[in-house]
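Here is a friendly walk through one protein chain. Keep the picture open as you read, and try to find each residue as it comes up.

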Amino acid sequence: MAKSLHKYTVVEAQNASLGQAGVILIDDLVEHTGPFVAIQALADAVVDVTQCDMSFIEDVADFTIPKGMTIFGRFASIELDSGSVLAYRG
C-alpha cells in the first residue's frame, strides 16, 4: 500500500510528484491501476472517466488529452477509449 505524501521525506515526496516511481505506456482499452501523478499524451487520447478512479473530478464527461499535453493529478486508475499515453507512477 502506498504511503500518503506527508509521510515521505521531502526528497521522496518530490520524486513521487515527478513520477520517479516509473512510467508505463498505455495504448490499449483496459483499465490500468496507479497511482499515477501525470499522464502525457503520445497521440490524442480519449480518457474514459466512467472506468477511471479520478475522485477529485466531479461531473465530467470523457475528455481528450491532445497529443503532447500532460495533465497532473492523483489518478488511482486510468482507461482509454482511444489514443496512447505515458502514465507516470507516483
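## Surface and burial

The accessible surface of this predicted chain comes to about 5,400 Å², and 55% of that area belongs to carbon and sulfur atoms. Such areas come from the Shrake-Rupley method with a 1.4 Å probe, and for residues only the protein chains shown count as cover. Of the 90 residues, 30% count as buried. Here buried means under 20% relative accessible area, exposed means over 50%, and partly exposed lies in between (1.4 Å probe, protein chains only).

Residues are numbered from 1 along each chain as its sequence is written, and side-chain values use heavy atoms, leaving out hydrogens and water.

The score pLDDT is the predictor's confidence in each residue, from 0 to 100. The chain averages 79, and 69% of the residues score at least 70. Among the elements, helix α1 (residues 10–17) has the lowest mean pLDDT, 63, and strand β1 has the highest, 94.

## The order of the pieces

How many helices and strands does the chain have? It has one helix and five strands, in the pattern α-β-β-β-β-β along the sequence. Both kinds of element are DSSP runs numbered from the N terminus: helices are H or I with at least four residues, and strands are E with at least two.

## How the strands pair

Two strands pair if DSSP finds at least two bridges between them. Eight bridges join β2 to β5 in the antiparallel sense; alanine 41 has valine 85 as its bridge partner in β5, and isoleucine 39 has alanine 87. β2 also pairs antiparallel with β4 over six bridges, where alanine 38 stands opposite phenylalanine 72. Three bridges join β2 to the antiparallel strand β3 (residues 63–65), with alanine 45 opposite isoleucine 65.

Strand β1 (residues 23–26) runs antiparallel to β5 (residues 80–89), with four bridges between them. In β5, alanine 87 is the bridge partner of isoleucine 24.

## Residues to look up

Contact means heavy atoms within 4.5 Å. Of the contacts in the chain with a separation of 6 or more, 75% are between residues 24 or more positions apart. Look at aspartate 27, in the loop between β1 and β2. Leaving aside neighbours within four places in sequence, aspartate 27 is in contact with Gly83 and Ser84. Aspartate 27 and serine 84 are 57 residues apart along the chain, yet their C-alpha atoms are separated by 4.3 Å.

Next, visit strand β4 (residues 70–78), where threonine 70 is found. Threonine 70 counts as partly exposed because its relative accessibility is 28%. Not counting residues up to four places away in sequence, threonine 70 touches Ala38, Ile39 and Gln40. Serine 77 is also in β4, and counts as buried because its relative accessible area is 4%. Its side chain makes a polar contact with the side chain of glutamate 31 at 2.8 Å. A polar contact is a pair of N or O atoms within 3.5 Å; within protein, one must be able to donate a hydrogen and the other to accept it, and residues adjacent in sequence count only if both atoms are side-chain atoms.

Last, find the cis peptide bond that joins glycine 34 and proline 35, with omega about 15°.

Notes. Predicted model: local features only at pLDDT ≥ 70, side-chain atom pairs only at ≥ 80, totals over all residues.
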